[in-house]
Amino acid sequence: MPTTLLHDDTPILVDIVARVPELAVEIDGVQHRVAARSSADPRAFSLLIDGAAHEGWVYRGATEIHVRHAGRTTIFAVPQRSAAGSARAGNDIRADMPGVVVSVHCAAGQAVGAGETLLTVESMKLQAALSAPRDAVVDRVHVVADEAFERGAVLLSFRIEAE
Amino acid sequence: MIASVLVANRGEIACRILRTVRRLGMRGIAVYHFADRNAPHVAMADEALELTGSVPTAAYLDQAQIIQACLRAGVDSVHPGYGFLAENAAFAEAVAAAGLVFVGPDADTIRLMGDKIASRNFARAQNVPVAPSATDEGDPTAFLRQAAAIGFPLLIKASAGGGGKGMKIVRSADELQENIRVAASEALRYFGDGRVYAEKLVEAPRHIEVQVLGDGEGSVIHLHERECSIQRRHQKVIEEAPAPRLPPSVKNAICDAAVRLATAARYRNAGTIEFILGADGAFYFLEMNTRLQVEHPVTEEIVGLDLVEEQLRIADGKGLSRRQDEIRISGHSIEVRICAEQPERDFRPATGVCGVLRWPADARVEAGVAEGQEVTAAFDSMLAKIITTGSTRLEAADRMKHALDEFVLLGVPNNADYLARIVAHEAFREGRLDTNFLVEHSADLLPAQRAPEPAAILAALMADAGFRRVVDDVPALHAAIGRWRN
């Protein structure tokens, strides 16, 4: 039962080879022996990997695991089960970073052409135009000018066309 | 006499100001928006008053509410920090009208220095060099002709601007008209003032600025210069004092020009005069910031003064604490800005929770966040500053590299590893700095992402409950079989 982590959108395949007498894990085809030492703070890790000690910090967020080790911070994404409604993803314009809406250039019910600018957003002083990925009809604009949004927020939905 | 101070700000600078206020035995009052209710500046104040706002930043910009808070708390002065209302002349007036002391210059000085065109004219009148420029006096054709006559490349700037917003580089005459139009439209949007001007572009200049203190009676001293050439899109990333490899004649000329300008303005408060310095040694006035700067700690470290204390002293009418000949610099100091952003993803802003936060032991830390605090997109991305000082520049740089290696912030993607690569870079260590540094060395500073180390991968897996269940909860029989699949 291989487990997958994502680093920078690249999957890392991990397989548990053995649990006793010690844990053996295969990472992208290379096998490692692992022993964990417990620590008072669960965020501090102390691992013995192939006989060498490794210490650092780890933080488990909602969808990511952040690791500090050897002067480097690495962020892994934990693959999520696709949420209900993800089939509709192609019908939404989502924010790929947090920001603020500068202006809304369309309205519900409006037919828009591929490439047409729908929203202007600003993230950290940089403005970007969000345009229609295809010809579509705007179903709903979920934001108004000056509204702040988080990454992943649905900003605008298109009407689902009958097949 | 000032006995209490309301800090009309948030984040690291609110904490920084409150620390001095309390050290001086004064009462320190914080204001905050609900989004900041768990922020450190709220916890460390003697009293904290909540402000409301349609968006969190609006609360800190709401002059009437802040004056109300001052009256409710019964304070006698207001420190604006930087950003928000720090350079808002109307706010300075409103504070004075409420019978309170504004820790800053008078409104007229803020207005003068806040207007790029007026401040440039003022500087020129004091024999402070300004770059050749042309101003739009309401005749677009004449403006175009005068701008083109300066020669290319040109910089189009907003008169009311700052921070690089609405700035355009124009390299040829046929791009000029369109760039002026776009710059004016952005200037109107960002600053509510569509006036722009054109200025000779000095390619890859250094950014050198001078810290001054003025008593408002015509006495001004300088606390030497800072170098802020490590910038990304006109936002400072690393600052230091003094400026490395600066010929003494140039240094003296720049500091003298700064004092001349501030003296002529009868400047009151701590202030900074910014210059650009070309490779040929020619320098030009950029702007004057009539407030405490983000990077003020590097000056404090080398001159041994507390600039917030000096500001409060001046605001209280007690004048300057030192004469120019009593100012000595000792050592070298470097500051880095820790920002919630992802350098490897084109510096996208990042959000999250400060899940693990460990500050370096042997560095000065100015932080506006605490462990457990959420970082949202509501505010500026700067979370903290780390400052290291040494007897030499290289010692300060070595200490910074060590501090950044030691620093841990997990849960909020940030630029700490990127900063560590900058301070360890050969060109930085040699002091070969200009404002193009981060672009010129981007291949070294933003290397292709290395595959993660097995130790990091295994640490991540061990922190994942799902993985731990598979490892720990398996029946002994199955475990003994070895490789097990369902």
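Two strands are taken to pair if DSSP finds at least two bridges between them, and helices (H or I, at least four residues) and strands (E, at least two) are DSSP runs numbered from the N terminus. By that criterion, β9(A) and strand β16 (residues 154–158) of chain A pair in the antiparallel sense over 3 bridges, with Asp92(A) standing opposite Ser157(A) in β16(A).

This is a predicted model, in which local features need pLDDT of at least 70 and side-chain atom pairs count only at pLDDT 80 or more, while totals for chains, interfaces and linings use all residues. Residues are numbered from 1 along each chain as its sequence is written, chains are lettered from A and ligands numbered from 1 in the order in which they are written, and side-chain values use heavy atoms, with hydrogens and water left out.

**Chain A**

Chain A has 16 strands and 0 helices. The pair described above belongs to an open antiparallel sheet of 4 strands in the order β9-β16-β14-β11 (chain A); β9 (92–94) and β11 (111–112) of chain A stand at its edges, each with a single partner strand, so one side of each lacks a neighbour in the sheet. The domain assignment, which is automatic or from a database, gives domain 1 (3–77) and domain 2 (87–158) of chain A, and the C-alpha centres of these two domains lie 38 Å apart. Of the 163 residues of chain A, 37% count as buried, that is, under 20% relative accessible area (1.4 Å probe, protein chains only).

**Chain B**

In chain B, an open sheet of 5 strands with parallel pairing has the order β3-β2-β1-β4-β5. Its edges are β3 (47–51) and β5 (101–102) of chain B, each with a single partner strand, so one side of each is left without a neighbour in the sheet. Strand β2 (residues 27–33) of chain B pairs with β3(B) in the parallel sense over 5 bridges, and Ala30(B) stands opposite Ala48(B) in β3(B).

| Packed elements | Angle |
|---|---|
| α6 (residues 107–114) and α7 (residues 116–125) of chain B | about 95° |
| α4 (residues 63–73) of chain B and β3(B) | about 150° |

The axes of α6(B) and α7(B) are 5 Å apart, and these helices are therefore roughly perpendicular to each other, a term covering 65 to 115 degrees. Leu112(B), Met113(B) and Gly114(B) in α6(B) meet Lys116(B), Ala118(B), Ser119(B) and Phe122(B) in α7(B), where contact means heavy atoms within 4.5 Å.

Key. Axes are lines fitted to C-alpha atoms, for helices over the stretch in contact, and angles run from 0 to 180 degrees between N-to-C directions. Angles under 35 degrees count as roughly parallel, over 145 as roughly antiparallel, 65 to 115 as roughly perpendicular and the rest as oblique. Buried means under 20% relative accessible area, exposed over 50%, partly exposed in between (1.4 Å probe, protein chains only).
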